[in-house]
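Thanks for making time this morning. Please bring the structure up on your screens, and we'll walk through it together.

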Amino acid sequence: MGFLKTEGVTKSFGDKKVIENISIRLDEGELVSLLGVSGSGKTTLFNCISGLYKPDSGRVLLNGEDITGKPGKISYMLQKDLLLPYYTVLDNVALPLVIKGMKKKQAREKARPLFAEFGLGGTENHYPAELSGGMRQRAALLRTYLCSDGVALLDEPFSALDTITKSAIHEWYLDIMQKIKLSTLFITHDIDEAILISDRIYILSGVPGVISDEITIDEKKPRTNDFTLTPEFIAYKKRIIESLRLSQ
Amino acid sequence: MTRKYQNITSKLAPVVSIFSVLLLWFALCEGEVVPAYMLPSPIAVGKAFVNDFPILMQHAAVTLQEAIYGLLLGIVLAFVIATLMDRFPFLYKAVYPLLVISQTIPTIAIAPLLVLWMGFSMAPKITLVVVTTFFPITVSLLDGYRSVDADAVSLMRSMGAKRIQIFRYIKLPGALTQFFSGLKVSASYAVVGAVISEWLGGFKGLGVYMTRVKKAYAFDKMFSVIIFISVISLLLMLLIAVIKRLCTPWERIKDERSQTE
């Protein structure tokens with residue numbers, strides 16, 4: 001089962017194998033984190049899932065459909081919002097729909113009602129330069145949401161934010177995920193962040209990167225910052241650090 | 001309050017400086033420091049302009065036509081070259097040196113050749129304007145295409161964008177700002193290029209008028225046509241600035257921001 005899954009995905013660049021035999025799954029409505037040290041091939045795996053790279057072997061399945069090496073099905077969001085400065089926020093958000101062949105006007109009408117939901121009401125006709133960093137990230141997320149059939153890949157989207165803003169945006173994100181029925185695959189190297197927001201965590205480690213552990217976080221959400229002080233949290237953290245260290 | 005004051009002074013500064021130069025010129029002539037037959041006074045130049053106004057307008061129409069046709073063709077040529085160079089990296093490597101070399105050839109040296117090849121019609125003038133104007137536009141377009149964030153291009157690809165869509169939705173609008181700065185430079189070359197080519201053969205145009213009044217040692221008319229040419233160039237640049245403003249509305253926000261900060 002699994003809404004989105006990879007089966008034995010392996011990818012090398014030249015002689016260098018970056019990820020090997022990666023099989024992960026993301027169920028509907030779940031938030032799953034991919035935790036790994038830098039250089040463990042997190043981004044390569046993301047690019048395979050989004051279809052930008054074609055893996056050497058293995059498959060990527062979305063709702064049972066083979067989307068290996070086919071871009072346009074799942075999109076991602078990075079730390080950089082990558083909003084285009086020369087379009088209004090509305091046009092930025094609607095652009096993926098236009099790329100998929102929708103009429104510009106139609107695409108705008110489809111995007112417009114979601115602005116309020118994402119806390120962006122009133123910014124439709126502004127340019128990205130006029131928005132705050134947090135708003136730009138939300139606009140980028142809205143764009144990702146509009147073009148990716150219920151799945152979002154997030155590559156360290158909040159790592160530039162300070163702790164307080166971060167926990168606020170975590171709360172917001174978990175809330176909106178439920179409202180719009182979004183499933184999320186989340187890349188991070190921040191162990192605390194992963195434990196706070198994930199349903200499950202995959203540990204990606206080694207060279208080439210392999211999945212060395214899978215941990216289910218069995219705690220009620222939303223989890224506040226106080227949770228980080230509990231013995232349960234420490235236990236999770238200890239296990240993750242050990243998994244990361246074992247594979248070194 | 002202080003900002004308003006700063007605004008006024010910054011707007012006043014160029015007016016004051018231009019007016020001072022005029023005043024100095026006037027003083028030099030009135031004080032007979034320079035003999036009037038060598039440096040006519042601004043008033044004499046103004047009179048010459050008014051007297052020859054209808055003739056100047058006829059000539060200007062021709063020159064402006066050459067400049068604008070040349071500029072438009074230059075834009076088209078630059079667009080084709082820059083786009084192909086951006087699309088095919090080997091073409092970039094092959095053509096770029098040629099473009100640079102083409103710019104080291106002095107305009108004034110090829111103008112007579114063009115006249116020999118194409119005759120006294122408008123063709124050699126327009127060609128010369130194209131040659132002088134396409135380069136700044138090509139280079140600015142190339143830079144503009146390259147300034148696009150590679151991550152943004154990847155993101156669009158992940159959304160299923162085809163190459164042509166990436167060009168249409170990211171590269172082209174992304175290059176607009178740079179394109180216009182190149183165009184502004186080219187516009188100032190265009191009028192001068194047309195005038196230079198008219199010096200070397202032709203029946204109409206401000207360059208032709210210039211050679212005529214030069215032969216007659218009519219310094220006042222010389223001066224009036226020189227100033228007239230620079231005014232035309234300035235107006236053309238202004239026109240482009242207006243078009244730029246209309247085409248790149250997001251730049252306005254950036255300007256406003258930098259002003260308030």
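Which residue forms a salt bridge with Asp149(B)? The partner is Lys80(A), and the closest N and O atoms are 3.2 Å apart. Before I go further, a caution: this is a predicted model.

Stay with Lys80(A). The lysine also meets Asp151(B) in a salt bridge, at 2.8 Å from N to O. Where are the two ends? Lys80(A) sits in the loop between strand S7 (75–77) and helix H2 (89–99) of chain A, while Asp151(B) belongs to helix H7 (residues 150–158) of chain B, so this pair joins two chains. Buried or exposed? Lys80(A) has 40% relative accessibility, so we call it partly exposed. Asp151(B) comes out at 29%, and that is partly exposed too. Between chain B and chain A, the salt bridge count is two.

Now widen the view to the whole interface. On the chain B side, 21 residues are in contact with 25 residues of chain A. In general, the size of an interface is often given as the accessible area lost when the parts come together. Here, about 2,100 Å² is buried between the two chains, and carbon and sulfur atoms give 66% of that. Which three residues of chain B supply more than any other three? Ser158(B), Met159(B) and Tyr169(B), with 30% of the area that chain B buries against chain A.

Find Asn63(A) in the loop between strand S5 (57–62) and strand S6 (65–66) of chain A. Buried or exposed? Exposed, because its relative accessibility is 60% and the cut-off is over 50%.

One more backbone point. Val207(A) and Pro208(A) are joined by a cis peptide bond, with omega about -5°. Pro208(A) lies in the loop between strand S10 (200–205) and strand S11 (210–216) of chain A.

Next, charges within chain A. Over all chains, the search finds 21 salt bridges. One of them pairs Arg59(A) with Asp66(A), at 3.9 Å from N to O. Arg59(A) is partly exposed at 38%, and Asp66(A) is partly exposed at 30%. Both belong to a network of salt bridges that also links Lys5(A) and Glu7(A). Another bridge runs from Asp27(A) to Arg25(A), where the closest N and O atoms are 3.3 Å apart. Asp27(A) is partly exposed, with 22% relative accessibility. Arg25(A) is partly exposed as well, at 31%.

Last stop, chain B. Two packed helices are described by the angle between their axes and the distance between the axes. The crossing of H3(B) with H8(B) is right-handed. What kinds of residues make that contact? There are 14 nonpolar, three polar and six charged.

That's the tour. Over to you.

Notes:
Residues numbered from 1 in each chain as written. Chains lettered and ligands numbered in written order. Predicted model: local features only at pLDDT ≥ 70, side-chain atom pairs only at ≥ 80, totals over all residues. Heavy atoms only, no water. Salt bridge = Lys/Arg side-chain N within 4 Å of Asp/Glu carboxyl O. Buried < 20%, exposed > 50% of the residue type's maximum accessible area, 1.4 Å probe, protein only. Helix = DSSP H or I, 4+ residues; strand = E, 2+ residues; numbered from the N terminus. Left-handed = near helix turned anticlockwise from the far one by under 90°. Nonpolar A, V, L, I, M, F, W, Y, C, P; charged D, E, K, R; others polar. Contact = heavy atoms within 4.5 Å. Buried area = accessible area lost by both parts, 1.4 Å probe.
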